[in-house]
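Me: I'm new to this one. Could you take a close look at a single part of it and walk me through what sits there?

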Amino acid sequence: MPKVDQPEPGDLVADVPPDLAEAAVAETEVVDEAEAKVETLRDYLRVVYVRIRSGDSGVLPVVGGLILISILFQSLNSKFLTSGNLVNLLIQGAVYMLLAMGEVFALLLGEIDLSIGFVSGIGGIVTAELVKESYGWPWWAAILVALVVCALIGALQGTIITRLGLPSFVVTLAGLLGCRASCS
């Protein structure tokens, strides 16, 4: 077992009382050991309980909120939890879910893209215009052209952000305003 250096006075670790540090390490080891021994539903629920007790609530608040909202809306309208309504909600939310999946990549990099809605709208307009009878493009070619147009807009904004060092907030806000001005 390798020897661990003792912290120097003034280190952040040295300021923690030894009994508190040992308790934190023991709690972490309990969670790690509990996760390694999950074989039944009871074991899994025990691990979830230990995580919640240690302060890691995970997705519990989101699931709890979803259940609470579902109960509230079902009590206001008895047709809320029907299969037809749930499918309708998923269809209506599909566009926003798709845009959110695209935004995740920018957010993971610590940036933001304010023009994503208008750029996707431009892609939709390009596709719709190319499949009209006056142009007669096949649907797959129209989608490819729309993807290329959206990629070019994204490449232009990305180049401005990386080469000129402007904040993504400013560049994508300008793209949003530019798209709004050109569409109206």
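Reply: Helices here are DSSP runs (H or I, at least four residues), numbered from the N terminus. This is a predicted model, so local features need pLDDT of at least 70 and side-chain atom pairs pLDDT 80 or more, while totals for chains, interfaces and linings use all residues. Residues are numbered from 1 along each chain as its sequence is written, and side-chain values use heavy atoms, with hydrogens and water left out.

Let's start with Leu114, which sits in the loop between helix H4 (83–108) and H5. Leu114 counts as partly exposed because its relative accessibility is 29%, and that label covers values between buried (under 20% relative accessible area) and exposed (over 50%), using a 1.4 Å probe and protein chains only. Contact means heavy atoms within 4.5 Å. Setting aside neighbours within four places in sequence, Leu114 is in contact with Phe169, Thr172, Leu173 and Leu176. Ala174 is 60 residues from Leu114 along the chain, yet their C-alpha atoms are separated by 8.8 Å.

Gln157 lies in helix H6 (residues 139–164). With a relative accessible area of 9%, Gln157 is buried.

At 37% relative accessibility, Val131 is partly exposed.

Notes: Helix = DSSP H or I, 4+ residues; strand = E, 2+ residues; numbered from the N terminus.
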